[in-house]
Amino acid sequence: MKDGAERLVVDASRVASEGDVLEGEIDCVDIDEEFVHPFGGVRYRLEVKVFGTELLVRGRLEQDFDLVCSRCGKDFDDTVKVEDFTISYEIDEKSPEVDLTEDVREGIILALPSFPVCSEECPGVEQKSAEPGDERWNALDGLNFGG
Ligand SMILES: [Zn+2]
């Protein structure tokens, strides 16, 4: 987690008894990998509700990524979505503030594809090996590599 990264904190003592909806964007996914670059923040729409000593959170998350296709190696953009983000926290009167940031970040990271593919039809890397009968390769047959 970067210093000064944004945080998504809910004060359970301020959540309306019928529940609240939190909507916004939080820049908290700081993956630094060669093939995975988040851009923008996590867009979230979460319903929060207090049940006794629990804060229940449910909703959806979205984060845009610049990814590298695991088949063809091209860059492409994709949006990682978590449609059913669900989590609960124990709360008490002394510590009604709940920090959702780490769990939101983790929800997005878990939803990332292990092998991103630019499209279902991606043909993969073009075969670079020579066709049989390619004249350039035939020409090599005539060379003598021996000392
Ligand atoms: Zn591809």
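Which protein donors does the zinc ion have? They are C69 (SG), C72 (SG), C118 (SG) and C122 (SG), lying 2.3 Å from the ion. Donors here are N, O and S atoms within 2.8 Å of the metal (3.2 Å for Na, K and Ca); water is not among the atoms, so sites may look incomplete.

This is a predicted model, in which local features need pLDDT of at least 70, side-chain atom pairs count only at pLDDT 80 or more, and totals for chains, interfaces and linings use all residues. Residues are numbered from 1 along each chain as its sequence is written, and side-chain values use heavy atoms, with hydrogens and water left out.

The site of the zinc ion is tetrahedral, with angles of 104 to 114 degrees among its four donor atoms; four donors count as tetrahedral if all angles lie between 85 and 135 degrees. The ideal angle for four tetrahedral donors is 109.5 degrees. Along the sequence, the donor residues follow the spacing C-x2-C-x45-C-x3-C.

Two residues can be set side by side with their accessibility class (buried is under 20% relative accessible area, exposed over 50%, partly exposed in between, with a 1.4 Å probe and protein chains only).

| Residue | Class |
|---|---|
| C69 | buried |
| C72 | buried |
| E102 | partly exposed, 34% relative accessibility |

E102 is found in helix 1 (residues 101-111); helices are DSSP runs of H or I with at least four residues, numbered from the N terminus. The C-alpha atoms of E102 and R7 are separated by 8.5 Å, although these residues are 95 residues apart along the chain.

Key:
Four donors count as tetrahedral if all angles lie between 85 and 135 degrees; four count as square planar and six as octahedral if opposite donors are over 155 degrees apart and all others between 65 and 115; anything else is irregular. Helices (H or I, at least four residues) and strands (E, at least two) are DSSP runs, numbered from the N terminus.
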